[in-house]
Amino acid sequence: MKKVGIVAALLAILFAIPSPALAQVRGLYWTTSGFFGPFPITDLIPSVPKEKAREVTIPVSMWVIDHPKGLVVFDTGNNAAISDGGCKQHWAPGNCDGLKPSQKRDDVIDRQLQKLGYAADKVKVVITSHAHLDHIGNIKLFPKAIHAIQKKELYQAWWPEKFQRAGGVFVMGDFDGPARDFNYLELDGDYDLFGDGSVMILSTPGHTLGHQSVKVKLANGHTILMSQDAIWMQENLDGYPAGLNYSVKDYTNSVNRLKMMRDLENADLFFAHDQDQYKAKGGRWYK
Ligand SMILES: [Zn+2]
């Protein structure tokens, strides 16, 4: 082989070796902290017209992200205390009667991690979309993790606007006591979690003051967007706004942002509380 040929061959090998900077997500698991319902969809989205109204039983979505640099949980579901009929000890009774949580102790995120082969104390990062009772419920199970949350959302959790506090959807017992002193990665906008573009935290306010969503790029190049409560379910994409918002304007911008990202990146867009989507696509690994 001539020298030029050898150099060319070496260069070809160099460029064929993937750079460690391109470390990608090994897998993404979608699960649920039990279900809510059944109740009429109009309890959540009052603008759904009569002919499209139906009873729904909805998932309480949580995600596990396995990245070479660390294990991530995105949202921790309902507090373990509400499992197996214990709801009224931890939540306002109206929410127990209205949401009808079906959570069993085995549905709680620590047991789900166990089932998947992970120990809860190996979780490096907990990302919390927002501080409502069905998303921040079990951060206390992860005292050693870094907790990634928007700074504004922490403020709001502790002192919500009066109209957002009504109904007891922020439960102080979820984030008081030892959780006060956790390591919070207090964000103000988007954040590239591992510095390689594979797990992007996206600011999607509106449902609450500091709501955030997550975008994951899988090793196969496919992109998955997890809206959490920025979009509850398909009806919101169909133009019927959610019935619980801090700001309808910000909510609308966030829905549009996620929709356009989905279209531009040819991504899957998964919602927090969509009965049909979870039935078809939840409870499984994405790799
Ligand atoms: Zn919410």
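Modeller: By definition, two residues are in contact if their C-beta atoms, placed from the backbone, lie within 7 Å. The model is predicted: local features need pLDDT of at least 70, side-chain atom pairs count only at pLDDT 80 or more, and totals for chains, interfaces and linings use all residues. Numbering starts from 1 along each chain as its sequence is written.

Colleague: What covers the buried residues of α8?

Modeller: The cover includes β9 (212-217), β10 (223-228), α7 (234-237) and β11 (268-271). These elements are DSSP runs numbered from the N terminus, helices (H or I) having at least four residues and strands (E) at least two.

Colleague: Which residues of α8 are called buried, and which exposed?

Modeller: Buried requires 20 or more other C-beta atoms within 10 Å of a residue's own, exposed 12 or fewer, and partly exposed lies in between. Y251, S254, V255 and L258 are therefore classed as buried. Seen down the axis of α8, the buried residues fall within an arc of 100° (taken from the directions from axis to C-beta atoms), so they line one face of the helix. On the other side, K249, N256, M260, D263 and L264 are exposed.

Colleague: How does the reach of α8 compare with the expected span?

Modeller: The expected span is 1.5 Å times one less than the number of residues. With 18 residues (248-265), α8 reaches 26 Å from first C-alpha to last, close to the 26 Å expected.

Colleague: What makes β2 and β3 paired strands?

Modeller: Pairing needs at least two DSSP bridges. Strands β2 (55-67) and β3 (70-74) have 5, in the antiparallel sense, and are therefore a pair.
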